[in-house]
Structures are given as C-alpha cells and as structure tokens.
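I am opening a notebook on this structure. The entries below record what I looked up, one topic at a time.

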Amino acid sequence: MVVVLADGALQVVEVEEEDNMKASIEIFRIIPLIVLILYGGGNFLFAQNTLKVVVLDSATKAPVEAALFSVKYIGETNPKRHAQSDSSGVAIIQRVPVGRAEARIDYVGYRTYTATVDVKRGANDMGTVYLASANQLSSITVSATGNQMLVKQDTIEFNASSFKVEEADMLEELIKKLPGVEIEDGKIYADGKEVKKIMIDGKTFFMDDPTLASKNIPAKIVEKIRLLDRQSDEARFTGIDDGEEETVLDLSLKNGIFDNWFGNLGGGYGSDRRYEGALLAGRFTNTAQLSVIGNTNNTNNAGFRDMAMDMLTSMVGNTATGNGVTTSKMGGANYNYESKSKKIKTQNSYLYSTSDQVIEQTVDRVSSLSDDITQYSHSNNSNRNKTRGHRFNSETVYSPSENTSFTLRPSLQIGSGDFTRGRDFTTLRNTDSTNRGTSSSFGDNNSSKGAVTFVWRQRLGKPGRTMALVLNYNFSRNTADGTNRSNTFYFKDGEINRSKEVDQYYHRKNTSDGYAVYVTYTEPLGRNYFLQFAHRSAKSRSTTLRNTFDYDPETGRYDIPDEDMTRDYKGWFTTRRYEMSFRKQEKNYNFMLGASLQPSTTKSTGRGRDTSYTVYNIAPTARFIHRFDGSKFLRITYRGTTSQPSLNQLLPLKDNSNPLVIQEGNDRLNPSFTHNLDTEYRTGKRNRYRWFSVTFRGRYTTNSIINRKTYTADGVQMRQYINSDKGIYSMDLRVMYNYRIPNTDFYWNLWTRSALNNGISYLNVNSQFEENTTTNFNLGLSNRLSYRLDDFEATAAFVISYRRTWYSSESLENLSLWTNRASGSINWTINKTWNISSDVTHRFFIGYSEGYGKSQTVWNASVSKTFFRKRMTAKVKVYDILKSNRSISRTNAENYWQDTRNNTLGRYLMFTLLYRFGI
C-alpha cells in the first residue's frame, strides 16, 4: 500500500508484492510535493498573523532598542520565533501560528518580561511593555532564542544558548563556535585582534591571562558573551574617547548560580597513560567573586600561559619550536570585590604552575644565496623544557568622590626551569656537501619580573576639565647557567676539510629596571571641543652579562676564558613624548587630530665600546569614529610610533649557541618608525539576524631593523642587525558575514582574509652584499554552515588558505602553496541524558616538499551519559581514530622557505567522569 497524489488529492493504492520497489520509488518522487503542500499550507494558515509589542524603559519611558522579543508554544522547549525592537522600541514577529503562547522580552540590564498571549488570525498587538531595570547579576536568565548575536555599535553580543556544547565542555569550545573568533596557539583573536582579557560581568578573571578563563570555565554556565573594544581607564573616567582600547570578552553567567557555591570536579584516564583532571569552584555575589581553579594533564591542555617558559626561552633560545607534547599542572585563585558604596574595587589573582614540554622536530630549508647558488639544509631537533612559576596580580581602585580616583596595580612573577637541547644537521650547497654535525646544550634558569603602577585621576570642577598622573616602575631579572657543545665537520670537494669542536660552560644574566611618569591634562573649549596635553618620560637601564669558559682536558674543568663569547654591557634608554591633540566629542561621532614630538636617547657601555646618540621623531595621530545608529559603526585611526632596538640587538658580540648561525649585534642601530592605519566598519540587520564587518590594517616602517647575512664557504650563516633604508610594509583586509536563513535553523558564516607584505634582506656570498626582496600574498576563505535544534547540531565547513611568494633572486623559484581543510561535526542529545558527538577534518596540501604534503583525515568521536540529577557526566572519547594527525607547516621569509614537522599526541582513548554542583 502506498500514498500517491492523483488529480490533486491523496489516495491510498494497493500494489502487488513485486511492485514494492516501484512503489518505493514513487514515494520518494512525491515526498517533495507533499512537503511543499504541507509547508505552503502551513504558511497560508499563519502567513498573515503578526504579533506586535512596544518596549519602553519603565523609568525614563524611552524606547528600548534591540530588546529580544520571542514566543514559545506548547510542546516547544525553546522559542522558535523572535524579533528585535527597533529604535522606536517596536518589535513585530511575522508569521505566528494561531494559539496560546508564552511571550518573552529579554534585554541585558532589565528584568525579563513574560506573559501568556492568545494569538488570533490577523494582526495581534500586545500594546506597550515597560521593562524595569535590575541588577545585572540577578537579571540574567536562560533564553535559548534562535538569535545567535546582536550587533550594537562597537559591541557584538553572542547568545551562548545558540551554540550547542556538551555538558563537560569548557569555555574554549564555545568560543571556537563564535563567528569571527579564532584560537591560534592558545591565543584568542577576534577580527584579527588579540583578546587581552576575559571578564565576568565587567570584572577581570585572572587579570593577565585569558587562557585561564577559556580553559577552565564551564561553557554551560555562560548565558551571553560580549565582544567589545574596551576603552582605557582614562577614557572611562573623563568620558572622552582617547582611542586607547583593548579587545575583551565579557561573560554574563546564567541565573541561579549566584550567592551559592558552584563549579565542577572531573578527571580522566586513557590509553598511552594519558590523564587529565580539573577543578573549578566559585561563589559570586553582588559585591564579590571568588574562584578557585586547578588542572593537571599530559594532553597538551595546559590551561594557562606559561610565562616562566617565555623567560627561559628568551635566555637560551629554541632549536625546535611548536607545541610538541606537554605535561602540566597548575592551581590558583581569583578574587574580585566591589564595596556597596562603589568607592573601592579590587581584583587579585595568584597562580602556581609547572610544565614539561617535549618537542621532536624535523626541518628542511631551501635558501637562495645568489642567482646561481642554492643551499639545502636538513636537521632533526629535540627540546625538553621544564618550568615552575608563581604569578601574582592585583588592582585596587579607590574613588573617595566622583571627582577623584586612585589606582594601585602591582604584579610579580617568579619562575625557574631547566632545559635540554639536541640537534643533528646536514647542509648542501647546490649538490655538494658543505657541512654536517651535532650540537647539544643543557642547563637551568631562574627569573623574576614585576611592576608597580600608581594612577591618580582628578576632575577639576568644569565639566570635561581633567588631569591624570601615572607613575610606573618595572624590573626583570633573568639568569641561565648551561653547557654548550657542538661538533661540526666541513667539506671541500666532497671530502672532510676540517672540523670544529665547541665545549663551553656559560653564565648569563640579564637585568632591567624602568621608570616612567605620564601626565595628561584636558581642557574643554565649549561645544564639545577639547584640547588635551600629555607628557611621558621614561628611562630604563639594562645590563647583560655573559661569562664563557672553554673546557680544559688537562684540568677536567671549564676554566679557560673565551674572550670572544664573553660580554658585559650596560645600556640606558631614555624616551620622552610631548603630545597635543584637538578633540571633538558628540553622541554619534568623535574625532581627534594631534601630534607628538618623541626624542629618544640611547647609551651603552662595555668592553671599551661606548655609544651615545639621540634621535627625534614627530608622530602625527588622527582618529574618526562614527556611530550611525544602533548597529552601524565606523572607526578610522592613524598613528605614528617609534620602536627602540633591544639591548641584544645593540650588543656587538657574537652568539654561537647554534654552530651554523652566528648572530651579532650592532651598536649603531637607530630606532624604527612605523605608520599605522586601522579601519573598521561593522553593521547588523536586527530583524534578519545578520551582520557584516570589514577591517583593514596597514603598516609602513622606516629604519626597520633587519638581518644582513653573510654565508661562508662552510655553509655558516653570519648575521648582523642593521637598519634598512627601504620601507617595510604590510596590509591586511578581513571581511566577515554571518546570516541566519529566514524561517529555518540554518546559520551561514563566511570569513575571508587577504594580506600583502614584503621583506628585505642583504646577502653576502662572494664578498659583495646583494639586496633580496620577498613579497608575500596570503588569501584565506572560510565557509561554514550550521544547523541547530534544541537537541541536535550539525556543521559543515570548508577552509581554503593560499599563499604566493615572489623572490627577487632568480635562484629561488616563486612559491604557491595551498592548505585546505574540509570538516564536519554533529552533536546529538538523546532523551536529555545521552550525548553523541563526532567531528572529522580532512586536510590536503598543494606545494609542500616531498614527505610533507600527504593529506590527512582526523576523526574524533565521543559518547557521554548524564545522570544523578544532571550532576554527573561520564564520557568516553577517542582522539584521532584513523591515526592520521600530523603537525606540519611551511614558513618563508627573506631568502628561504622551510618545511617543519613536529611530534603530536597521536591516537588515544580517554574515559572521564565529571561532577558539577550549583549549576
């Protein structure tokens, strides 16, 4: 028996057994027609039905723009129909079915409004609803409306419930789903700008490390995420936009967790002895936020920025770079407090961490030395770095009156570690052997770093007249003791011509102390015009000490001084900035024109080579911001900046830690000067749930500090820092478009980026330096389609990355490189307790060297079960089921390109158990 469409009516027709196949085919043919009729009929039933409301502020009676208006019918878990109020406060939901529904109005900062309405045919009007303001902590509620985001001037607000995550997922998994937001090497980027802080209801979570929030806060407790360019403390105090902003993510948490302890405790164990454990406990009230976190694992999920590692590698370098495999542990606490009078606000955090990083790496490099000489090098590198660190950050703001504010901001970081390096290498010039050998080093490191900043801000009676005083002191201490060994064989005419052995002990110590004073004064000129004066004076003192001793086989000790590798230098850097700017501040727009004089003085002494010189730069600044309406935003900024050379770049001494690359400083370096142009435009269509943004960043630098390279006949590269007399430029254009397909649960996100930059190098092969120019063009395109219901989400994405490189040297061919990725994922919740998720990514490459460009398919899958009143979740996940994951990359710069392959975790299975409370 089958159902068919005959003469415009549905009929039941009996068929013989042997006709079953034909009947099945007939069914599939008519299904689209049936769906079309049902869909069209349904549309006809409520195509003319509308539901209207006017939303006003209960206190001011002003329209509330961009409030979220939704309706939910019996049988629906979440609202399916919604609209946003316009500038008049009017919101109209089109195509609503007849029947009884629950109407809801949400807006951050107001109490949620709910009411039951009987929708009839035709136009339905709920009249005027007055929203009452509420404390933000108590006003945040769960609202799983279908609107992913709201664009409002320079802020984008994401509705977390519109992105499906698993019960055990951390905030990072939610952030990865946000349109325009990326995570690379543990850092979060939004429209190409690095996110400097993650906040909870305006209060910073662990002040200097957003990774601590993204890796440790459960995604399920987040209600909304706001992406914004947060104004500086100075701008928020004066009310005058100074353009000094930082990109932050501000979280709003779900209602019900406040005034109670909440958090989760979980752990897991798997194959290959993989393990992980995590703890988060918190208690938030109207005045205080207390959070305690802990994490341990050997699955590359450090959950913090390893600043002790940064200090170690800055002293001893790396023969291998990348992630490798890391085992880590950490524990810490964060406390924020605001007095009921609002006069005192304080933020404090402490973190202890350890890490053990192992990197195994293979590198192949092709370098152009001249039009007829090409150098090929191959190396196998291994690094092991162990670090331990303590970090403390604090900020206290005291505002005795609305006209006065004092801020004290201390920070301290203490670290230690040890390291082991190993390397074997081979070099060919054209087809002839040039050198081969091995090198190794090992040692330990101790470091400390801190700063204290004091800020006094004062309003001076007349509106807009303000002043500020900023005092800062910072210091850094970094020492390393190690042994450096290498054995290199050099070839001539295919035979070993000579060899060189290095066996040295060294003691290195770098210290720095810096002081800065910054004073600003703003004078109102009337009609929202302002004149601002600023002066900044900073002075820093740095010392670099390196004592090096060769091994003496007769005494069996390192007691032969190596004068060429011993250094003792002191440097002083003094900078001043005299700035004046003219500003106009209006509700919908503001602009600024200004200029600054920036004299800088560099002095250094050591080993009989003293240096002293002063450089003057004039840096213009300009900015224009236009807020067209509630959803359109334009910003154009130009700024000139000066950058001083580092002490290591100035020191005219050699570093032989890598026997094939000898780096030398230059005490005649001048500061570089960069022209910066930034443009951003953003707009959104509220009623259609779409938004569009375009950003452009351009940089042009004069007196850039680059490397001048000399290649010896033995294949050794001698580098010296110099100032380039050619301009170095970079341009970056990003376009983002996000759209919800009307009357469906499909979301489409399109992201594209194009970049153009150049590099200059000078090569000396045959006793004459030749200029080489490298031009790079990069194009990236990401296309993602998502489908989401209450209990199911599926995504499909395709990412294209294309790079084209042109070399001025004829011996190195121009490069074209494609790195492409197709991916898909599902997340399905069954009976509200079972969850099945899987993701697969296929990567394929064009243009890589042999052995590096093999395609790979990485497939992960998991099954989880929630029980014990949704407080417990058991999960089994398999990573890299096909055992295909490989870490490969290509870099190119100046006169070379290089392919790199690193070790990875590989396939493993993990069983985890998570317990949550208060959530």
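I began with confidence, and found that pLDDT (the predictor's confidence in each residue, from 0 to 100) stays under 50 over residues 135–146. For that stretch the model has 48 contacts beyond four places in sequence, a contact being heavy atoms within 4.5 Å. I noted that this is a predicted model, where local features need pLDDT of at least 70 and side-chain atom pairs count only at pLDDT 80 or more, while totals for chains, interfaces and linings use all residues. Residues are numbered from 1 along each chain as its sequence is written, and side-chain values use heavy atoms, with hydrogens and water left out.

I then looked up the chain as a whole: its mean pLDDT is 83, and 88% of its residues reach 70 or more. Residues 1–46 have pLDDT below 50, and this stretch has 30 contacts in the model beyond near neighbours in sequence. Where pLDDT is low, the predicted coordinates should not be read in detail.

I take strands as DSSP runs (E, at least two residues), numbered from the N terminus, and count two strands as paired if DSSP finds at least two bridges between them. Three strands form an open sheet with mixed pairing, in the order β6-β3-β9. Because β6 (90–94) and β9 (123–131) each have a single partner strand, they stand at the edges, and one side of each is left without a neighbour in the sheet. Neighbouring strands here are turned by 20° against each other on average, direction ignored; the axes are lines fitted to C-alpha atoms, and angles run from 0 to 180 degrees between N-to-C directions. Strand β3 (residues 50–57) pairs with β9 in the parallel sense over seven bridges. I looked up the bridge partner of Lys52 in β9, and it is Asp125.

Next entry: Glu523, in strand β27 (residues 495–526). Is Glu523 buried or exposed? Its relative accessible area is 18%, so Glu523 is buried (buried means under 20%, exposed over 50%, partly exposed in between, with a 1.4 Å probe and protein chains only). Leaving out residues up to four places away in sequence, Glu523 touches Lys462, Arg465, Tyr529, Phe530 and Leu531. The side chain of Glu523 also makes a polar contact with that of Tyr521, at 2.5 Å. For a polar contact I require a pair of N or O atoms within 3.5 Å; within protein, one must be able to donate a hydrogen and the other to accept it, and residues adjacent in sequence count only if both atoms are side-chain atoms.

Thr544, in strand β28 (residues 529–552), is buried at 5% relative accessibility. I found its side chain in polar contact with the side chain of Asn510 (3.5 Å).

Last entry: ring pairs. Rings of Phe, Tyr and Trp (its six-membered ring) pair if their centres lie within 6.5 Å; planes under 30 degrees apart count as stacked, over 60 as edge-to-face and the rest as tilted. My search of the whole structure gave 19 aromatic pairs. One of them is Tyr505 with Tyr558, tilted, 6.4 Å centre to centre with 45° between the planes. Tyr505 lies in β27 and Tyr558 in β29 (residues 557–561), so the pair ties together parts that are 53 residues apart in sequence. Tyr505 is partly exposed at 28%, and Tyr558 is partly exposed at 25%. I also noted that ring pairs link Phe406, Phe454 and Trp456 into a cluster.

Conventions:
Helices (H or I, at least four residues) and strands (E, at least two) are DSSP runs, numbered from the N terminus.
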